[in-house]
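Visitor: I would like to go through this model step by step, with the criteria behind each term spelled out. Could you take my questions in turn?

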Amino acid sequence: MGFIPALRALPSAKLEAVDRDSHPARFRAGAVIRPAGERASAVVLLLSGTVVATHTQPCGGEVWPDRWTGPAIVDKAAVLDGETPSTGLAAITAVTARLLPRIRFMRLLDEEQSVREHVLGQLAKDVMASRQRLSQAVTLPAVAQLAAWLVAQNPTDRVAWRGSQEQLARMLGRSRVTINRALARLTDTGAVRVTDQGIVVVDRSRLDVFSNDC
């Protein structure tokens, strides 16, 4: 677990204690890790795979307001809040993890400055990223929103999105038809290419132009 960023600075004895106090878990792709409306009794220490926060809209559609790819600590805000969250957690790929009881995670934050500073810093980044996504969702056309989101993905990975277009629509809070049309526009101009592996960024500078098209 030492490769989880928040735990990297812990000495081996402390890592072993976290390992003893947590228990292993595996989830298949599509599995519900925590239903919406269920209190977060444990923090998910994500070792591999990708997990999303799930939210069901009043009209019945599902959106994914957040996403984590291992190694990472999943949904820290819900664990720290201690209340019943309106979002659930689901695995969109096969996932391996360890589940650490909430009370043990809170003690870890209290006792270990390096963990506390990393978690607080990441929470601040998450808040700023959420503000940006919200701003883009309400102010940008679908093509610009999709382009901006693709630009923001890991630039060292040529595949910007490995899931389905339906899943991408959930990430961006749009309908599948809207995202399909926006993706077709970006594909037609040579900015991206859709492959068996996912959406590949072909021309990042062209994507930048689309992302600023208000």
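Visitor: Which residues of helix α8 are buried?
Guide: Helices here are DSSP runs (H or I, at least four residues) and strands are DSSP runs (E, at least two), numbered from the N terminus, and α8 covers residues 204-211. Buried means under 20% relative accessible area, exposed over 50%, and partly exposed in between, with a 1.4 Å probe and protein chains only. By that criterion the buried residues of α8 are L207, F210 and S211.

Visitor: Within what arc do the buried residues of α8 fall, seen down its axis?
Guide: This is a predicted model, in which local features need pLDDT of at least 70 and side-chain atom pairs count only at pLDDT 80 or more, while totals for chains, interfaces and linings use all residues. Residues are numbered from 1 along each chain as its sequence is written, and side-chain values use heavy atoms, with hydrogens and water left out. The arc is that of the directions from the helix axis to the C-beta atoms. The buried residues of α8 line one face of the helix, because they fall within an arc of 100°.

Visitor: Against which elements do the buried residues of α8 pack?
Guide: Contact means heavy atoms within 4.5 Å. The packing partners of the buried residues of α8 are α5, α7 (176-188), β10 (192-194) and β11 (199-201).

Visitor: What is the geometry of the aromatic pair formed by W149 and W161?
Guide: Rings of Phe, Tyr and Trp (its six-membered ring) pair if their centres lie within 6.5 Å, and planes under 30 degrees apart count as stacked, over 60 as edge-to-face and the rest as tilted. The structure holds 1 aromatic pair, and W149 and W161 form it with 5.6 Å centre to centre and 70° between the planes, which is edge-to-face.

Visitor: How many residues apart in sequence are the parts that this pair ties together?
Guide: Both W149 and W161 are buried. W149 lies in helix α5 (residues 142-151) and W161 in strand β9 (residues 159-161), so the pair ties together parts whose separation in sequence is 12 residues.

Visitor: Which exposed residues does α3 carry on the face turned away from its buried side?
Guide: The buried residues of α3 (residues 102-111) are R102, R104, F105, L108 and L109. They cover an arc of only 160° around the axis, which puts them on the same side of α3. The face turned away from that buried side carries the exposed residues I103 and D110.

Visitor: Is T87 buried or exposed?
Guide: T87 lies in the loop between α2 and β7 (88-91). Leaving aside neighbours within four places in sequence, T87 is in contact with R34, P35, A36, A53, T54, H55 and P65. With a relative accessible area of 18%, T87 is buried.
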